Amino acid sequence: MPIRDDVVVIGGGLAGSMAALSAAESGAGVRLISHKKSTLRQASGLIDVLGAVDGDAPIADPFAALDRLPEEHPYRVVGAEGIREGLRRFDDVVGDRYLGSHTDRNALVPTHGGTIKPTARYPVSVAPGLASAAEDTLLVGFRGLTDFDPVAAAAHLEAAGVPFDVDGAVVEFPIQFRDDARTTRFAKAIDEDQEDVRDRLAGTVAAGIDGHDRVGFPAMLGDDHGTAVREYLEDRLGVAVFQIPTGPPSLLGMQLEDQLIDALERAEVRLSTGNPAVGYEAEDGRLTAVTVDRRGQEVPYHATEFVLATGGLVGKGIDSDRESVSEPLFGCHVPHPEDRYEWSESEAFGDHAFARFGVVPDDDLRPTDADSAVHFPNLRAAGGVLGGADVAREKSAAGVSIATGTYAGRRAGEEVAQ
């Protein structure tokens, strides 16, 4: 018997998860297909909607800046209401574990590199460290933990003009790990209170408080018991304690991934993981199935509607070689300069053309070909696979994924219901 659902979503990251949840809410039977671990494990766990436009940063109100984006930007398709709809659904998923829904304005979150990131939603554990609060701050890192240099981060924040004094200190972690141990190893030790590490950590840091109003640690203060760990440290230190998002593996990103998976299971979305989507079947101009390579055998997943959410260049949803750029699953058109030297600028943080590579959607997020005709009327795209947005430069990656994923999933569900 063939495998058949109403909606098939290809891609298990933020865009794919939001698309599947949105489609499921319509009553459709939904399947989500993903191959590898999502890129959320490499993400900060912060939800940025729009933090910069044409070098103007930080943007205080992302909605007020939407009309400054180029016409081909995905936000132009979904509109302000589409972004708000996506954020509302995201808020439903994360509940009280994230803050920021009380205002349209961005919060300013310190990063592990000492920069300030304009952010629409942020984990509760990050909130006491917001850069807009004029509270003297101590950043604490650990000898041997290479992911976070608190002294350099403090210097960068001070140079950025934050409205408080900020210092950095490197201390010995109470348990010795090898020099390249990841933050997840530290988090597990704190979570399980191995070797009485919480008490010993508090004792080590207490000596350096010296009038500071709050203390920031890299995001490693436990996973299952993170709230209890922070409350314990705040009680022992007598100041607010917050976490600073780190690079991969990102504990905050992994926690967000867990929350999305829980929500998908509650919504009864069927998850098919571990095998790559490698092809498709079509009939009379409509997509009828996506095929997955299962140990050398191509297995078709049939559906009425489909959502492509496989990511951009980083996620391999967009592929490139020395000659061309392509969307590898459906062969969707990806416009790019023929001359490879025009794909990038000489400056590392310049306005690179490759950053905006992706499929070109119509006004219903359906990928189009070089003549602006839709590839398939029942295929929509979401997230990083869409072109037109330089999400790293704009600080809009999560927002684009949430807004377009929610839109594409809702529209797929509506089409099934007709």
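A residue counts as buried when its relative accessible area is under 20%. Keep that cut-off handy, and remember as you click around that this is a predicted model.

**Stop 1**

Select F376. Its relative accessibility is 8%, so F376 is buried.

Next, go to another pair, F142 and F173. Their ring centres are 5.1 Å apart and the planes make an angle of 80°, so this pair is edge-to-face. F142 sits in strand β8 (residues 137–142), while F173 is in the loop between β9 (166–171) and α4 (183–191), and 31 residues separate them. Are they buried or exposed? Both F142 and F173 are buried.

Hop back to Y280 and F376 to compare. Their rings also pair edge-to-face, with 5.5 Å from centre to centre and 70° between the planes. Y280 belongs to strand β13 (residues 277–283) and F376 to the loop between β18 (325–326) and β19 (379–381), so the pair ties together parts 96 residues apart in sequence.

**Stop 2**

Select F142, F173, F177, F186 and F217 together: ring pairs link them into a cluster. In total, the structure has eleven aromatic pairs.

Now for some charges over rings. Pick R84 and you'll find it over the face of F63, 4.0 Å from the ring centre. Then try R214, whose charged end sits over the ring of F164 at 4.6 Å from the centre.

**Stop 2: the cores**

Which residues touch the most other members of the largest nonpolar core? Select V30, I47, Y75, I83 and F330; the core itself has 74 residues. Helix α1 (residues 14–25) supplies the largest share, eight residues.

A second, separate core has 29 residues, including L145, A181, A187 and F217.

**Stop 3: two domains**

Colour domain 1 (3–44 + 253–417) and domain 2 (103–246). Their C-alpha centres lie 35 Å apart. Four residues of domain 1 and six residues of domain 2 make the contact.

About 440 Å² is buried between the domains, with carbon and sulfur atoms giving 53%. Finish by selecting S44, Q255 and K395: in domain 1 they lose the most area to domain 2, together 80% of what that side buries.

Definitions and conventions: Residues are numbered from 1 along each chain as its sequence is written. This is a predicted model: local features need pLDDT of at least 70, side-chain atom pairs count only at pLDDT 80 or more; totals for chains, interfaces and linings use all residues. Side-chain values use heavy atoms; hydrogens and water are left out. Rings of Phe, Tyr and Trp (its six-membered ring) pair if their centres lie within 6.5 Å; planes under 30 degrees apart count as stacked, over 60 as edge-to-face and the rest as tilted. Helices (H or I, at least four residues) and strands (E, at least two) are DSSP runs, numbered from the N terminus. Buried means under 20% relative accessible area, exposed over 50%, partly exposed in between (1.4 Å probe, protein chains only). A charge sits over a ring if NZ of Lys or CZ of Arg is within 6 Å of the ring centre and within 35 degrees of the ring normal. A nonpolar core is a set of buried Ala, Val, Leu, Ile, Met, Phe, Trp, Tyr and Cys residues joined through side-chain atoms within 4.5 Å. Domain bounds come from an automatic or database domain assignment. Contact means heavy atoms within 4.5 Å. Buried area is the accessible area (1.4 Å probe) that two parts lose on being put together, summed over both.
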